[in-house]
Amino acid sequence: MKNSACASLLLLALMGPSAAAEPWRDKVTAFAAGNLKHPAWGFSHSQRDYALAKSLAAADHVTLDEDVIFAAAYLHDMAAFPQWAEDKKDHADAAAEKIDIVLAGTDFPLAKMEALRAAIRTHMFARDPAGPEARYLHDADALDWLGAIGVARLIALADPKGGKPTAPDMLKRIQDNMKLVPPRVVTPAGKARVTPLVAEEKAFLNALARESDNFKNL
Amino acid sequence: MNKNMRAGFLALGLIFAAAAPAAAETWRESVTGFAAKNLQENFFYAHSRRDYVLAKSLAAADHVTLDDDVLFAAAYLHDMGVASAFEEPKKDHADVGAAKIDIALAKTDFPKTKLEAVRAAIRTHNPDRIPAGAEARYLHDADILDNLGASGWAWALELVDKKGGKPTGAQMAKNFTHTAPLEKGVLTPAGKAELKVRVKEQKAFLDALARESDNFKNL
């Protein structure tokens, strides 16, 4: 009896006040893995953003709130998918409003919801992030448009049936990003990574130009 | 020259001008139109154009003269056997293509005496086949090389499933790290020189991608 009473108490203590709530990281991960399937802004992009944001912050000796950066990295592009997209709203704003679809009923700390929304709202490189999680998510997301990974994400969007977007369309997006993204990176560690990433892209584009009659045969 | 003479010359000029284009469409136009219409899927048309340019460039580097009719037709039609409209599931696409080129060439002014050379080049364009003859050898090498380097990597990426299914980017990257069997197929001196350049290029791309994707786990 004594042992079983102790075990019950321990279990209650472990479960705490959110005993009925679903563990939020499990739910967020399952939601992203199951629903965000896309070669450019799907689950793997979220995984990269999360890892890169943490790595950049560590390089700058900045401590991030792990709950905010995880949830923001995994949910920031959810409104780029038709189920959660809104016609007249940028996907960042729509996602910031819709994260409750995933987090309601979980044990995600309610006090962190607004920091999470803010990070999602400003994740695109053209926006101005405030706060460490927002800044490092913003830069990770920006840098994921550059380098070998930026090339891979964009070329993977070309239509193999001969429709739009074409391979040359995506090539132009790569070239545009090489100009537009670098000046928008805000953190010291992020800025340090821009030059090598752009150099990777230039090397790839130079080689591709040589092998495709200056992109005419793409 | 009086008014009547000028009108006469003008009329003659018009007749000559009309006569040349009025003749049947040239076979190159016909083949290009055929490939542009039927081989867009999976980027085969772009690949065919690259093969043609590269085969010519490799042959020029080796000071080898190619029959441009044979090379052009073979390069533009070599993958027609893998296009959904022409494929035959139980046959290799190279053999299917070689057997079906008449669909594109029969009603054109393509020199009939060169048809067998086109068929032979198409039949042996696969990396594991042995080409005979200059056009076949340079098409064979160009075709392998276009699967490597920046063009090969771009082509692999273009084929990644758009809805997150297979093939994934990770699968394409892993496949691209094992190109040794392809590389062994390159036969010509210029092809072997170009191979070194492309293998070096693709190693640089893949090393960078591995760094940026936790060794391809986050692709």
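Two residues are in contact here if their C-beta atoms, placed from the backbone, lie within 7 Å. With that definition, residues 24 or more positions apart account for 67% of the contacts in chain B that have a separation of 6 or more. The structure is a predicted model, in which local features need pLDDT of at least 70 and side-chain atom pairs count only at pLDDT 80 or more, while totals for chains, interfaces and linings use all residues. Residues are numbered from 1 along each chain as its sequence is written, and chains are lettered from A and ligands numbered from 1 in the order in which they are written.

The predictor assigns the complex an ipTM of 0.87 and a pTM of 0.87. In terms of pLDDT, the predictor's confidence in each residue from 0 to 100, chain B averages 91, and 89% of its residues score at least 70. Over residues 1-22 of chain B, however, the pLDDT is below 50, and this stretch has 1 contact in the model beyond near neighbours in sequence.

Chain B contains 12 helices and 0 strands, where helices (H or I, at least four residues) and strands (E, at least two) are DSSP runs numbered from the N terminus. A residue is called buried if 20 or more other C-beta atoms lie within 10 Å of its own, exposed if 12 or fewer do, and partly exposed in between, with C-beta atoms placed from the backbone; buried residues make up 43% of the 219 residues in chain B.

Two helix pairs, one in each chain, can be described by their axes, which are lines fitted to C-alpha atoms, for helices over the stretch in contact, with angles running from 0 to 180 degrees between N-to-C directions. In chain A, α3 (43-59) and α4 (residues 66-75) pack at an angle of about 145°, with their axes 7 Å apart. This contact is made by A:Ser46, A:Asp49, A:Tyr50, A:Ala53 and A:Lys54 of α3(A), together with A:Ile69, A:Phe70, A:Ala73 and A:Tyr74 of α4(A). In chain B, the axes of α3 (residues 44-61) and α4 (residues 68-77) come within 7 Å and cross at roughly 145°, and here B:Ser48, B:Asp51, B:Tyr52, B:Ala55 and B:Lys56 in α3(B) meet B:Leu71, B:Phe72, B:Ala75 and B:Tyr76 in α4(B).

Some of these residues also belong to nonpolar cores, each a set of buried Ala, Val, Leu, Ile, Met, Phe, Trp, Tyr and Cys residues joined through C-beta atoms within 7 Å. Of the 76 residues in the largest core, A:Ile155, B:Ala55, B:Ala73, B:Ala74 and B:Leu77 touch the most other members. Leaving aside neighbours within four places in sequence, B:Leu77 is in contact with B:Val31, B:Ala35, B:Gly97, B:Ile101, B:Ala104 and B:Ile122. A second, separate core of 46 residues includes A:Leu56, A:Ala57, A:Ala73 and A:Ala115.

Between the chains, 30 residues of chain A are in contact with 30 residues of chain B. The elements that give two or more residues to the chain A side are α3(A), α9 (147-155) and α11 (188-211), and α11(A) gives the most, with 6 residues.

A cis peptide bond joins A:Lys164 and A:Pro165, with omega about -5°, and another joins B:Lys166 and B:Pro167, with omega about 0°. In the segment after α11 of chain A lies A:Asn214, whose phi is near 55°, a positive value in a residue other than glycine; A:Asn214 counts as exposed because it has 10 C-beta neighbours inside 10 Å.
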